[in-house]
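Hi everyone, thanks for making time this morning. Let me put the structure on the screen, and then we can walk through it together.

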Amino acid sequence: MKFSIIIPTFNRCHILWKALLSVKSQAYSDFEVIVIDDGSTDMTKSLVKEFEVDSRFKYFYKKNGGASSARNLGLEHSTGDMITYLDSDEELYSNYLEIANHFFSKNEDKIFGTSNFNFVLEKYDENFNKTERINFSSSQKMNVKFEDILNWKVKTCGTGIFHKANIDVSWDESITLLEDLDFLISIGEKYPNGFLHISYALFEYRQRYMTDGQCSLANYEDFSNAFKGIYDKHNGVKFNLEKEVYLGRYDKYAKLAQQFSDREVPAMNEYIFDQAKK
């Protein structure tokens with residue numbers, strides 16, 4: 001089984017190299033890496049060129065249009081049997097593809113899936129010095145069903161999504177937050193019995209705050225609108241989404257947005273760290 005690893009990136013050459021090295025260190029070798037440069041103005045192209053001495057690494061440039069448009073272009077250029085994604089600020093463990101190949105080879109009827117992961121929150125000061133780090137222990141979630149993904153009981157991110165190459169489902173380029181959840185729901189609507197959960201932590205997912213403006217830019221209002229948008233788009237199409245999950249979060253973040261406007265709660269960056277410590 002050949003894997004296509006799609007990496008969307010924008011002005012992140014200062015951390016992209018770690019992501020690329022994590023791919024190069026994979027124990028399973030039948031893969032291609034498709035780096036979609038979404039309009040970068042830094043040294044991203046030069047960096048990827050250094051990796052292109054390995055013919056499995058491929059670079060494509062496009063005008064800036066967002067991560068979803070970059071992933072869709074990656075799909076157009078992919079030649080693998082199985083597609084997976086890697087966000088440019090994250091790193092895969094060396095057994096990422098090996099374990100995925102094992103699971104999907106043993107479950108040939110499955111079309112798409114996700115894996116467990118380790119989660120890290122990092123905070124930086126204005127000089128990009130790390131001031132705080134919160135580690136969450138390795139995810140040990142077992143027997144995860146698609147309904148758990150659907151209703152946000154098990155969270156996902158762009159990295160760690162797998163699907164067969166011929167699914168004919170694309171990323172919604174109008175969605176810029178929770179687009180990974182939207183994409184999974186769209187696949188599930190077409191293949192409701194095709195979900196496979198990989199019960200191993202295969203990568204480290206990081207959320208960085210107070211850095212160079214590249215990551216974690218969402219605010220309370222953004223999250224409020226994102227949950228409402230996904231509910232309006234998908235509810236009743238194939239599944240009945242749990243109203244309290246989506247509209248409950250819509251109300252929650254809308255109230256937080258108003259409280260922030262009234263200076264009653266801190267900015268979302270500080271709020272997330274406060275909640276993580278509880």
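**Rings, strands and cores**

Let's begin with a charge over a ring: Lys-228 lies over the face of Tyr-250, 5.8 Å from the ring centre. The rule here is that NZ of Lys or CZ of Arg is within 6 Å of the ring centre and within 35 degrees of the ring normal. Arg-71 sits over the face of Trp-171 in this way too, at 4.4 Å from the ring centre.

Some housekeeping before we go on. This is a predicted model, where local features need pLDDT of at least 70 and side-chain atom pairs count only at pLDDT 80 or more, while totals for chains, interfaces and linings use all residues. Residues are numbered from 1 along each chain as its sequence is written, and side-chain values use heavy atoms, with hydrogens and water left out.

Trp-171 and Phe-183 form a stacked aromatic pair, 4.1 Å centre to centre with 10° between the planes. Rings of Phe, Tyr and Trp (its six-membered ring) pair if their centres lie within 6.5 Å; planes under 30 degrees apart are stacked, over 60 edge-to-face, and the rest tilted. Trp-171 is in the loop between strand 8 (161–164) and helix 6 (179–190), and Phe-183 is in helix 6, twelve residues apart. Helices (H or I, at least four residues) and strands (E, at least two) are DSSP runs, numbered from the N terminus.

Buried means under 20% relative accessible area, exposed over 50%, and partly exposed in between, using a 1.4 Å probe and protein chains only.

How many aromatic pairs are there in the whole structure? A search finds 24. One of them is Phe-112 with Phe-146, edge-to-face at 5.5 Å centre to centre and 80° between the planes. Phe-112 lies in strand 6 (residues 112–124) and Phe-146 in helix 5 (residues 146–150), so this pair ties together parts 34 residues apart in sequence. Both Phe-112 and Phe-146 are buried.

Over to the cores. A nonpolar core is a set of buried Ala, Val, Leu, Ile, Met, Phe, Trp, Tyr and Cys residues joined through side-chain atoms within 4.5 Å. The largest one has 38 residues, and Ile-149, Phe-183 and Tyr-246 have the most contacts inside it. Helix 7 (220–234) gives the largest share of this core, six residues. A second, separate core of 34 residues includes Val-23, Tyr-28, Phe-31 and Leu-196.

Next, strand 1 (residues 3–9), where seven of seven residues are buried. Phe-3, Ile-5, Ile-7 and Thr-9 point one way, and Ser-4, Ile-6 and Pro-8 the other. Strand 1 pairs in parallel with strand 2 (residues 31–38) over seven bridges; strands pair if DSSP finds at least two bridges between them. Pro-8 has Ile-36 as its bridge partner in strand 2. On strand 4 (residues 82–85), four bridges join a parallel run with strand 1, and Ser-4 is partnered there by Ile-83.

Last stop: Phe-273, in helix 9 (residues 268–277). Phe-273 is buried, at 1% relative accessible area. Leaving aside neighbours within four places in sequence, its contacts (heavy atoms within 4.5 Å) are Leu-121, Glu-122, Lys-123, Glu-132, Ile-134 and Tyr-209. Phe-273 and Lys-123 are 150 residues apart in sequence, yet 8.6 Å apart in space, C-alpha to C-alpha.
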